[in-house]
Amino acid sequence: MWEIYDELIAAVPEDLVANECMIGLYWTLVRSGGVGVSLTMRKEPGRLNLGRITGVSLRELASNIKSWNNLRAMVGLAAINAAFNTPEQLAKLLGHPLTFQEHANAFSHYIEQVRGKKVAVVGHFPGLEELAKVSQFSILERNPNPGDFPDPACEYLLGEQDFVFITATSLINKTLPRLLELSRGAVTVLVGPSTPLSPIFFKYGVETLAGLVVVEPSGFWRTVQEGGRMEIFNNGGQMVRISRNDVL
């Protein structure tokens with residue numbers, strides 16, 4: 001169950017250090033070679049208790065992704081993304097400079113492919129109405145809204161789906177390995193600003209990664225510092241979608 005985590009941690013370059021960290025209202029940031037993002041787990045109990053972060057090896061900080069303290073794990077995920085989700089790393093991965101993608105939003109990209117199909121989304125994302133109109137649609141959510149399924153329903157529903165979109169915060173709460181196992185018969189997309197844009201996931205059945213790259217760090221940092229949520233996409237955060245066929 002730890003294989004994905006161990007591979008992600010080992011892929012963080014040894015020479016990188018964490019230069020700065022911010023626990024924002026909605027997003028947690030770690031700055032190193034680039035700025036890495038993770039969802040802030042505001043409703044989690046407990047304390048962070050990481051001590052000093054600045055100057056710590058980025059790989060060491062990333063190893064907190066394996067912590068059962070989800071506050072520590074969110075910082076670990078931001079550290080992983082500080083290594084992978086940079087314009088420079090994406091250029092190496094894709095073989096060309098990072099450019100604007102018209103359909104980087106995974107839900108928009110798949111809208112025609114899911115028409116008439118069985119679709120499940122793990123995590124209640126905004127803007128799912130169009131997807132729901134064209135497909136046999138289910139949302140699974142840890143804190144379900146009216147009409148959502150509670151997340152234990154994944155054991156019953158995911159094996160029946162044609163397409164499964166999984167929030168990357170499932171890395172934090174350690175449910176991702178099981179969700180991928182249950183979804184192995186479906187086209188699987190890992191989605192959300194917390195998504196590490198690493199080809200490691202393609203080995204585990206993920207077809208597409210839809211995440212975020214910080215292309216203007218100063219504006220992005222300030223937006224998160226001021227409590228911005230979706231505003232990050234208009235202030236230095238660029239949606240990026242890569243599929244297994246895109247990787248060299």
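A helix, as the term is used here, is a DSSP run of H or I with at least four residues, and such elements are numbered from the N terminus. The structure on display is a predicted model.

Begin by selecting helix α6, residues 129-134, which holds both K133 and E130. The two residues are three apart, about one turn of the helix. K133 forms a salt bridge with E130, and the closest N and O atoms are 3.1 Å apart. K133 is exposed, with a relative accessible area of 63%, whereas E130 is partly exposed at 47%.

The whole structure contains 10 salt bridges.

Proceed to K66 and D6, whose side chains meet in a salt bridge of 2.8 Å, N to O. K66 lies in the loop between α2 (58-62) and α3 (70-84) and D6 in helix α1 (residues 3-11), so the pair ties together parts that are 60 residues apart in sequence.

Then select K174, in the loop between β7 (163-167) and α8 (176-182). Its phi is near 70 degrees, a positive value in a residue other than glycine. K174 counts as buried because its relative accessibility is 10%, and the cut-off for buried is under 20%.

Finally, turn to the largest pocket, with a volume of about 1400 Å³. Of its 44 lining residues, select L39, H124, E141, T167 and T169, which lie nearest the centre. The elements giving two or more residues to this lining are α5 (106-109), β5 (136-141) and β9 (208-214). By type, the lining comprises 21 nonpolar, 16 polar and seven charged residues.

Key
Residues numbered from 1 in each chain as written. Predicted model: local features only at pLDDT ≥ 70, side-chain atom pairs only at ≥ 80, totals over all residues. Heavy atoms only, no water. 1 Å grid on protein atoms, 1.4 Å probe; cavity = no way out; pocket = protein on both sides within 12 Å on 5 of 7 lines; lining within 4 Å. Points joined across faces, edges and corners; volume = space filled by probe spheres on them. Nonpolar A, V, L, I, M, F, W, Y, C, P; charged D, E, K, R; others polar. Buried < 20%, exposed > 50% of the residue type's maximum accessible area, 1.4 Å probe, protein only. Salt bridge = Lys/Arg side-chain N within 4 Å of Asp/Glu carboxyl O.
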